[in-house]
Amino acid sequence: MYQQMIFVNLCVSDVAASKKFFSELGYTINEQFSDDTTASVVISETIVVMVHNGEKYSQFTKKKIADSKTTSEVLIALSSESREKVDELVEKAVAAGGSVSGETQDHGFMYGRAFDDPDGHTFEVVWMDPAAVQG
């Protein structure tokens, strides 16, 4: 059965530094689709973050590229399997050179924190109690 994927493309100031950052979070770099201008960061089987230097990124758009340290161009939300895993990923991000973004959100049935990568892209990490989801 076909499973649709999402590829998030981000402009970064240093591809090598981004590769190191995401590797330290436990993600894999797919070297087949990586070079000095681009890195393919495998978040899951269906989510890939492509980080590009400015020259490479500009080949995909005619729009002005946002300065992600001062402008929010996207909020990337990742689900997590538990509250503890939320905290674990955010702490790994901070240890790898990222920073905490915003306040911890604790609604009992839903828990979330966020971090900014070294280029200022915001990643929200959220756990939701499966029992709270009505199907």
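Two strands pair if DSSP finds at least two bridges between them. By that rule, β5 and β9 pair in the parallel sense over 5 bridges. Helices (H or I, at least four residues) and strands (E, at least two) are DSSP runs, numbered from the N terminus. The model is predicted: local features need pLDDT of at least 70, side-chain atom pairs count only at pLDDT 80 or more, and totals for chains, interfaces and linings use all residues. Residues are numbered from 1 along each chain as its sequence is written, and side-chain values use heavy atoms, with hydrogens and water left out.

**The four-stranded sheet**

- An open sheet of 4 strands runs in the order β1-β4-β3-β2, with mixed pairing.
- β1 (6-11) and β2 (28-29) are the edge strands; each has a single partner strand, so one side of each lacks a neighbour in the sheet.
- β3 (residues 38-42) and β4 (residues 47-52) run antiparallel and are joined by 5 bridges.
- A hairpin of 4 residues connects β3 to β4.
- Two bridge partners in β4 can be named: M50 for S40, and H52 for T38.
- β2 and β3 also run antiparallel, with 2 bridges between them.
- T28 stands opposite V42 in β3.
- Of the 5 residues of β3, 4 are buried, so the strand is largely enclosed by the rest of the structure.
- Buried means under 20% relative accessible area, exposed over 50%, and partly exposed in between (1.4 Å probe, protein chains only).

- The bridge partner of I76 in β9 is F123.
- T122 is also placed in strand β9.
- T122 counts as buried, because its relative accessibility is 14%.
- Leaving out residues up to four places away in sequence, T122 touches V74, L75, I76, S101, A114, F115 and D116.
- Contact here means heavy atoms within 4.5 Å.

**Nonpolar core**

- A nonpolar core is a set of buried Ala, Val, Leu, Ile, Met, Phe, Trp, Tyr and Cys residues joined through side-chain atoms within 4.5 Å.
- The largest one has 26 residues, and those with the most contacts inside it are F22, L25, Y27 and F115.
- At least two residues of this core come from each of β1, α1 (15-24), β3, β4, β5 (75-79), α3 (83-95), β8 (110-116) and β9 (122-128).
- The most is given by α3, with 4 residues.
- F22 touches Y27, V41, V51, D117 and F123, not counting residues up to four places away in sequence.
- In soluble globular proteins, nonpolar side chains tend to be buried together.

**Surface patch**

- F109, M128 and V133 form a nonpolar patch on the surface, with about 260 Å² of accessible area together.
- Patches are made of residues with over 30% relative accessible area and no salt bridge; like charges are joined within 9 Å, and nonpolar side chains (Val, Leu, Ile, Met, Phe, Trp, Tyr) within 5 Å.
- Accessible areas come from the Shrake-Rupley method with a 1.4 Å probe; for residues, only the protein chains shown count as cover.
- F109 lies in the loop between β7 (105-106) and β8.
- F109 counts as partly exposed, at 39% relative accessibility.

**Salt bridges**

- The structure holds 7 salt bridges (a side-chain nitrogen of Lys or Arg within 4 Å of a carboxyl oxygen of Asp or Glu).
- K19 and E31 meet through their side chains in one of them (3.6 Å, N to O).
- K19 lies in helix α1 and E31 in the loop between β2 and β3, so this pair ties together parts that are 12 residues apart in sequence.
- K19 is partly exposed at 22% relative accessibility, and E31 is partly exposed at 47%.
- D106 forms a salt bridge with R83, with the closest N and O atoms 2.6 Å apart.
- This pair links distant parts of the chain: D106 is in strand β7 and R83 in helix α3, 23 residues apart.
- D106 is partly exposed at 45% relative accessibility, and R83 is partly exposed at 26%.
- K85 and E88 form a salt bridge between their side chains (3.7 Å, N to O).
- Both K85 and E88 lie in helix α3, 3 residues apart, about one turn of the helix.
- Salt bridges that share partners join K85, E88 and K92 into one network.
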